[in-house]
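The points follow the model shown here.

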Amino acid sequence: PKWRLPGNEKCQLVMMMRRLLVRLKPATWKQCIHGIHTLRWRDTYDMWLRPGLVVLQQSWIPGGIIKFRLPFIRHLVTKKKNKYKFAPVKQKQVKKEVEIKQRMTVSELAEAMDKDTDHVYEALLHTNIDIDSLEQDFILEEKWIKEVIKKSGMKFKWAKLSEEKVKENKDAVRRPHSDPTVLVPKSPVVTIMGHVDHGKTTLLDSLRKTQVAAKEAGGITQHIGAFLVHLPSGEKITFLDTPGHAAFSAMRARGANVTDIVILVVAADDGVMKQTTESIQHAKNCNVPIILAINKCDKPEANHEKVKKELLAYDVICEEYGGDVQSINVSALKGDNLMALAEATVALSEVLELRADCTGPVEGIIIECRNDKGKGPVTTAIIQHGTLTKGCVLVAGHSWAKVRLMFDENNKPMKTAGPSTPVEIVGWKELPSAGDEILEVESEQRAREVLDWRKYVETQEKNKQDLEVIEAKQKEHHELYKKDRESYSSLNWRQRKSAMYKANKHLMAARPKESTEMDELSLPIIVKGDVDGSVETILNILDGYDADEQCKLKVIHFGVGEISENDIASAEIFSGLIYGFNVNASKEIQQIATKKRVKIKLHRVIYKLIDDLKDELSGKLPQVLEENITGEASVLAVFHVTVGKRKVPVAGCRVQKGQLHRKMKFKLIRDGHILWTGFITSLKHLKDDVPVVKTGMECGISLDKEIDFKPGDEIICYEEKEIQQNISWDPGF
């Protein structure tokens, strides 16, 4: 019967037959009785279809095979496909290239290899490097870098040296010396220096007709102040009042750096003291002339000649002794002879020919800085050259400002500030540091360039210092490792491994646990001050802390301004406390601190703050047992008493000093050595058991341990009390 397949099925069948014939083309049909026939492409069309069968031409079909069913054809196609499948060509493994350079650290090598640091440590296990001392910042030698790459199945190539462009110096610098023809006379900047409580601020109060000293906490100056004084003669003098307390050495040094003349105040009744000599040294270091003001001459015990003679030892020679130092006897409290002191200052400034350029860019020095609630960062500065006006762009340290407002020392607005003028500047983006140099620049963009350059220089210097520390540490480790290796050089590898294990066994056993850091005694603190100089002073004192073996002191944060919620949060995290110097804590802040159990300690006198800190450090220390001797007795004779079936030795004693209490602890001493410590089992006077034996009485004592007494032994009765330790740190005042 005639029939037809659908077009798509017919096409599928034809394509399947084509694939079959292609697979069989290179093969031979051995079963063919008519010979070997090779199938050709044209043979694919020599077929016609019957229902369910595929019939091939007889001329090229092997004998005995006249038809193939579709399942058999599919099987044959698959079989041939698998039979003549070629094995895949094994591709050559390409090693990864790693770029290396000289002086690579462990972490840098791991990053270049795209591995973790543990992989580098593992590759260095069987080398001469001491793995225990290997850290991520350890600098590897070239041979170890290549060894690690080789063991990792990689290859290396040297990184191309990229020549770093030398950055152009964008820093702001002082202008060159001005033309003498444009220089004009300027008022002298005078720093008043001397020992604490010698009357420096009172002297300045008398000159200014003010009462600054009466308002100072603790009766001592704790800030550096700048004031402009107008004399009756019309002259102007800028005075800097520096603290005399031992803690404020940095402030005194800063005052000496910016001044033209130093007035050294010495009390006539006290003479030359420690901070007097320090002030002399600051003045000499800055090559600043000195005027001697001998204060408190109104006191009956005043001896100004003694003061002059004492100063000879420090190379301060007054005019009366053939020197060039003017000496003025004054009484700051009564105002005696103050005009003579002012005239001597003006005369010295004329001799020095103090001049400045009022034109050109502004230059100055920051004396003090603080954070003001309404004004923001505020600095007190002395202008040295140029004239400061509103809108000037200034840089100082790592901060810059566009001047918005200017005030004098009495908080009155100013429009301009010339050389030698103290001025408060408002408009800083961030708070600079006291002592920073102020320089005027052309624009805000230029100010940012200066700050970027200074940060870059600071980063480079820090990296250089870090590299020096790493190299020193690496050298130390290498020398120790080399020394250890030399001691094992005569051993074979088994003996060497055994010796190294025994040597390091105690280190493994003593390896610190995670809780060790938590168990060590420490006191974390946060320091907040009213001005930068106060914080600097406190930190300078804390730098001298030398009792870490008792309790570690950790300053986790410091800053200028009032105590904030962030300070409380930091103190809570570190379980620390907050010290505020001349700052306040609002009720809201105090409530938050109470809720979070954070202590806030506010002080207005620096030595009271340090005393409080010492008490806190002492409170961290564990209590110790202290022996308090209550009585002493000497053994006169020894005898034995039968108790049950054993004989108990009894010491016949006489109390030489104090009293013996039966319930207290005793110790037996012979020839200065303690033989026994413990409690006694009996204390008898004559035949009676007694609780106490007083001086001069005789008694019998038996111990809780059998010890052979000898005449002449001493028996000491004492009580133990727990007392609080005191920190050994001495801040020096």
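**Notes on the predicted model**

1. Strand E33 (residues 680-685) and strand E36 (residues 698-703) run antiparallel and are joined by four bridges. Within this pairing, Ser-682 lies opposite Ser-702 of E36. The model under review is a predicted one.

2. The pair belongs to an open sheet of eight strands, whose order is E32-E31-E37-E28-E29-E36-E33-E34. The pairing in this sheet is antiparallel. At its edges stand strand E32 (673-678) and strand E34 (688-689). Each of these has a single partner strand, so one side of each is left without a neighbour in the sheet.

3. A separate point concerns the surface. Leu-312, Ile-317 and Tyr-321 form a nonpolar patch there, and together they have about 220 Å² of accessible area. Leu-312 is located in helix H9, which covers residues 304-312.

4. The average pLDDT of the protein is 79, and 78% of the residues score at least 70. Over residues 1-5 the pLDDT is below 50, and this stretch has six contacts in the model beyond near neighbours in sequence. Over residues 210-224 the pLDDT is likewise below 50, and that stretch has 46 contacts in the model beyond near neighbours in sequence.

How values were computed:
Residues numbered from 1 in each chain as written. Predicted model: local features only at pLDDT ≥ 70, side-chain atom pairs only at ≥ 80, totals over all residues. Heavy atoms only, no water. Patch = residues over 30% accessible without salt bridge, like charges linked within 9 Å, V, L, I, M, F, W, Y side chains within 5 Å. Areas by Shrake-Rupley, 256 points an atom, 1.4 Å probe, with all protein chains shown as cover. Salt bridge = Lys/Arg side-chain N within 4 Å of Asp/Glu carboxyl O. Helix = DSSP H or I, 4+ residues; strand = E, 2+ residues; numbered from the N terminus. pLDDT = per-residue confidence, 0-100. Contact = heavy atoms within 4.5 Å. Pairing = 2+ DSSP bridges.
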